[in-house]
Amino acid sequence: MLVEAKPEAVWAVLTDANYIPKLYPDMLNIRVEPPGHARVGQYRTLSGRAGRRLIEFKTKVTELVPFKRFVITGRRGGALETFSEVIELEENEEGTIVSALFDFKVSEAYFGPGFDIMALTQAAKLNQELYIKNLKELSELRDPGAPK
Amino acid sequence: MTRIESVVEIEAPVSAVWDILTDTSYIVKLFRDAVSVTADPPGRSVLGQKYHLTGKAGRRRVEFFLEVVELVPQSTVVTRQRPGGLFKTFMQKTVLEDKAGRTRAHTVFDYELALGYMGKVLNVVLVERLVRDNLTAYSHTLKEFSELLPLPAEGTGKGAT
């Protein structure tokens, strides 16, 4: 996907955990440890929703190559049994080419009986699709006084 | 000055609604076009806490500077404009009332946009509509989040061990 912004602008959104609730529609808030911008080893605990239920996700930042590569993986104990998010940036004349790869499995043990795992998986996929769209939108925002 | 007022009945106790209302990380979800927020001091709402809120109007970033000026625990939060940003004046007052385990949330927004801030770049009509839409939706979003339920006990809620 082409983002009409420099890699630095995309990176600023990617690595600021405060943007997570805007990037993923079903995420509500996030706590990070240590606080601040993303760094390798940073633990993230996210509250989200599945329908009318509150759920939790646990991840950590595992790889950071500034303005180029950003990798998040899952930690045990959350709604996803496995999770991997790999975002790569490549600058070109028009802005930044963003490549995103998500790999995950919903945890049946976390949800217990009575939950449609396929529907939960579809909801997660939709969130991931919207993540990329939202990343583009947020990265391309301009200040009020900036030229078009 | 524009006023937007709403009352919602929330199927959750006051404490649950208060948790959402005073958790600054929820601000970007409660206001649809809010993008990021920084609070000083960070963490839960306290009297005197200052917010720097960034939002979007179309493809433009807009800013808001607010302060918590009144806080009555489990009851009332009032936020007002600080100098600068999209609002010339702004006040939000949310009052919670216990209704036998449910909550009645009454929210009033009074605001006026700063035309000088928008300059010649932002479409005034568009911004007016966006602000109105965001403020109108606020109470229903507060209700929706407050009514979210934890997973039933059958699930581990903690994933496979």
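Colleague: Where in chain A is the place of A:P34?
Modeller: A:P34 sits in the loop that runs between β2 and β3 of chain A; please keep in mind that this is a predicted model.

Colleague: And what kind of peptide bond joins A:E33 and A:P34?
Modeller: The bond between A:E33 and A:P34 is cis, with omega at about -5°. In chain B, the peptide bond from B:D40 to B:P41 is cis too, with omega near 0°, and B:P41 belongs to the loop between β2 (34–40) and β3 (50–57) of chain B. As background, most peptide bonds are trans.

Colleague: Switching to phi, what is the value for B:Q74?
Modeller: B:Q74 is not a glycine, yet its phi is positive, at about 60°; the residue is located in the loop between β4 (60–72) and β5 (76–85) of chain B. B:A100, which is likewise no glycine, has a positive phi near 50°, and it occupies the loop between β6 (87–99) and β7 (102–113) of chain B.

Colleague: Is B:A100 buried or exposed?
Modeller: B:A100 counts as exposed because its relative accessible area is 74%, while B:Q74, at 39%, is partly exposed.

Colleague: Back to chain A, what is the strand order in the open sheet of seven strands?
Modeller: The order is β1-β7-β6-β5-β4-β3-β2 in chain A, with antiparallel pairing. β1 and β2 (27–33) of chain A are the edge strands, each of them pairing on one side only. For β1(A), the partner strand is β7 (residues 95–106) of chain A, and the two are joined in the antiparallel sense over two bridges.

Colleague: Which residue in β7(A) does A:V3 stand opposite?
Modeller: A:V3, which is part of strand β1 (residues 2–3) of chain A, stands opposite A:T96 in β7(A). A:V3 counts as buried because its relative accessibility is 0%. Beyond its neighbours within four places in sequence, the contacts of A:V3 include A:V10, A:E94, A:V98, A:K136 and A:E140.

Colleague: Which helix lies across β1, β4, β5, β6 and β7 of chain A?
Modeller: That is helix α1 (residues 7–14) of chain A, which runs at about 160° to β6(A). Helix α4 (residues 117–139) of chain A also packs on the sheet, where it touches β1, β3 (43–50), β6 and β7 of chain A, and its direction makes about 165° with that of β7(A).

Colleague: Now the cores: how many residues has the largest nonpolar core?
Modeller: The largest nonpolar core has 44 residues, and B:L86, B:Y111, B:V127 and B:L142 are among those with the most contacts inside it. Its largest share, seven residues, is supplied by helix α4 (residues 124–146) of chain B. Apart from this core lies another, of 42 residues, with A:Y24, A:A38, A:F70 and A:I72 among them.

Colleague: What does B:V127 touch, leaving aside its neighbours within four places in sequence?
Modeller: B:V127 is in contact with B:A57, B:L86, B:L113, B:M118 and B:L122.

Colleague: Where is the kink in α4(B) centred?
Modeller: The kink, of about 40°, is centred on B:Y138.

Colleague: Why is B:T141 counted as buried?
Modeller: B:T141, a residue of helix α4 of chain B, counts as buried because its relative accessibility is 15%, and the cut-off for buried is under 20%. Leaving aside neighbours within four places in sequence, B:T141 is in contact with B:K29 and B:L30.

Key:
Residues are numbered from 1 along each chain as its sequence is written. Chains are lettered from A and ligands numbered from 1 in the order in which they are written. This is a predicted model: local features need pLDDT of at least 70, side-chain atom pairs count only at pLDDT 80 or more; totals for chains, interfaces and linings use all residues. Side-chain values use heavy atoms; hydrogens and water are left out. A nonpolar core is a set of buried Ala, Val, Leu, Ile, Met, Phe, Trp, Tyr and Cys residues joined through side-chain atoms within 4.5 Å. Buried means under 20% relative accessible area, exposed over 50%, partly exposed in between (1.4 Å probe, protein chains only). Helices (H or I, at least four residues) and strands (E, at least two) are DSSP runs, numbered from the N terminus. Contact means heavy atoms within 4.5 Å. Two strands pair if DSSP finds at least two bridges between them. Axes are lines fitted to C-alpha atoms, for helices over the stretch in contact, and angles run from 0 to 180 degrees between N-to-C directions. The bend at a residue is the angle between axes fitted to the seven residues ending there and the seven starting there.
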